[in-house]
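Q: Could we go through the salt bridges and the helix packing of this model together?
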Amino acid sequence: MTERLRAVIADDQALVRTGFRMILAADGIEVAAEAADGDEAVAAVRRTRPDVVLMDIRMPRMDGLEATRRILAGGAEDTRVLILTTYDLDHYVYAALAAGASGFLLKDVTPEHLVAAVRLVRSGDALLAPTITRRLVERFARRDSVKPTLHRDLSQLTPRELDVLRLLATGLSNAELADQLTLSVTTVKTHVARILSKLGLRDRVQAVVVAYETGLISPGGTS
């Protein structure tokens, strides 16, 4: 049996909420609440303490970015936020990832991908569509135009951990990292866990953001 998960769906379009609710429910994922704007999303999360929030970026009253910030800064350590966006990947998504969101999904996601993403991010692995995440970060993590949102000192990392972080930021999976560095997958997982712990990061997505914002890796390739 799979673990019972609870989710909150925040989107100002009732049709989107209904569709996602049906998809999740069909796979045994409980939808604890729905929200039509950011204010309702924050209240719903505080009330129900879900495992995952599907968060639309553009909503009335309070947008998804501010709602994400409030949720993740308000003591909901065990709640993961997945951002819902359209194909054009607007800059709000980058800010949401930097604020602690664990990844993002396109609005036209398939039912199978939606369910898999919710379960994956709840398990603690936030590496959702790594090549798309990397492209998003490359587009918006410009040090000359975007104020850094995650201030981290990389000097506390060992040379090997810096190597792992640099490759992780290019979108490699654990298996690919292991192959590139001639390490076991278990050893790679240990390095990733230590990087997150030392830098005080929630997950791998934030690690990618830090790698770009600190200049460890530059848009378009490694530094």
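**Salt bridges and packing**

A: Arg119 forms a salt bridge with Asp27, and their closest N and O atoms are 3.1 Å apart. A salt bridge here is a side-chain nitrogen of Lys or Arg within 4 Å of a carboxyl oxygen of Asp or Glu. The model is predicted, so local features need pLDDT of at least 70 and side-chain atom pairs count only at pLDDT 80 or more, while totals for chains, interfaces and linings use all residues. Residues are numbered from 1 along each chain as its sequence is written, and side-chain values use heavy atoms, with hydrogens and water left out.

Q: Which parts does the pair of Arg119 and Asp27 tie together?
A: Arg119 lies in helix H5 (residues 111-122) and Asp27 in the loop between helix H1 (14-26) and strand E2 (30-35), so the pair ties together parts that are 92 residues apart in sequence. Helices (H or I, at least four residues) and strands (E, at least two) are DSSP runs, numbered from the N terminus.

Q: Is Arg119 buried, partly exposed or exposed? And Asp27?
A: Arg119 counts as partly exposed, at 21% relative accessibility. Asp27 is also partly exposed, at 35%. Buried means under 20% relative accessible area and exposed over 50%, with partly exposed in between (1.4 Å probe, protein chains only).

Q: How many salt bridges are found in the whole structure?
A: The search finds 13.

Q: What is the partner of Asp51 in a salt bridge?
A: The partner is Arg122, with the closest N and O atoms 2.8 Å apart. Distant parts of the chain are linked by this pair: Asp51 is in the loop between helix H2 (38-48) and strand E3 (52-56), and Arg122 is in helix H5, 71 residues apart. The two side chains also make a polar contact at 2.8 Å. A polar contact is a pair of N or O atoms within 3.5 Å; within protein, one must be able to donate a hydrogen and the other to accept it, and residues adjacent in sequence count only if both atoms are side-chain atoms.

Q: Buried or exposed, for Asp51?
A: Asp51 is buried, with a relative accessible area of 13%, whereas Arg122 counts as partly exposed at 26%.

Q: What else is Asp51 in contact with?
A: Leaving aside neighbours within four places in sequence, Asp51 is in contact with Arg4, Leu5, Arg6, Asp78, Thr79, Arg80 and Arg122. Contact means heavy atoms within 4.5 Å.

Q: Where is Thr48 found?
A: Thr48 is in helix H2 and is buried, with a relative accessible area of 12%. Beyond neighbours within four places in sequence, Thr48 is in contact with Arg6, Val8, Ala32 and Ala33.

Q: Which residue forms a salt bridge with Lys198?
A: Glu161 does, with the closest N and O atoms 2.9 Å apart. Lys198 in helix H9 (residues 185-199) and Glu161 in helix H7 (residues 159-168) are 37 residues apart, and the pair links distant parts of the chain. Lys198 is partly exposed at 33% relative accessibility, while Glu161 is buried at 2%.

Q: Turning to packing, which residues meet between H8 and H9?
A: Asn174, Ala175, Leu177 and Ala178 in H8 meet Val185, Val188, Lys189 and Val192 in H9. These residues divide into six nonpolar, one polar and one charged. Ala, Val, Leu, Ile, Met, Phe, Trp, Tyr, Cys and Pro count as nonpolar, Asp, Glu, Lys and Arg as charged, and the others, Gly among them, as polar.
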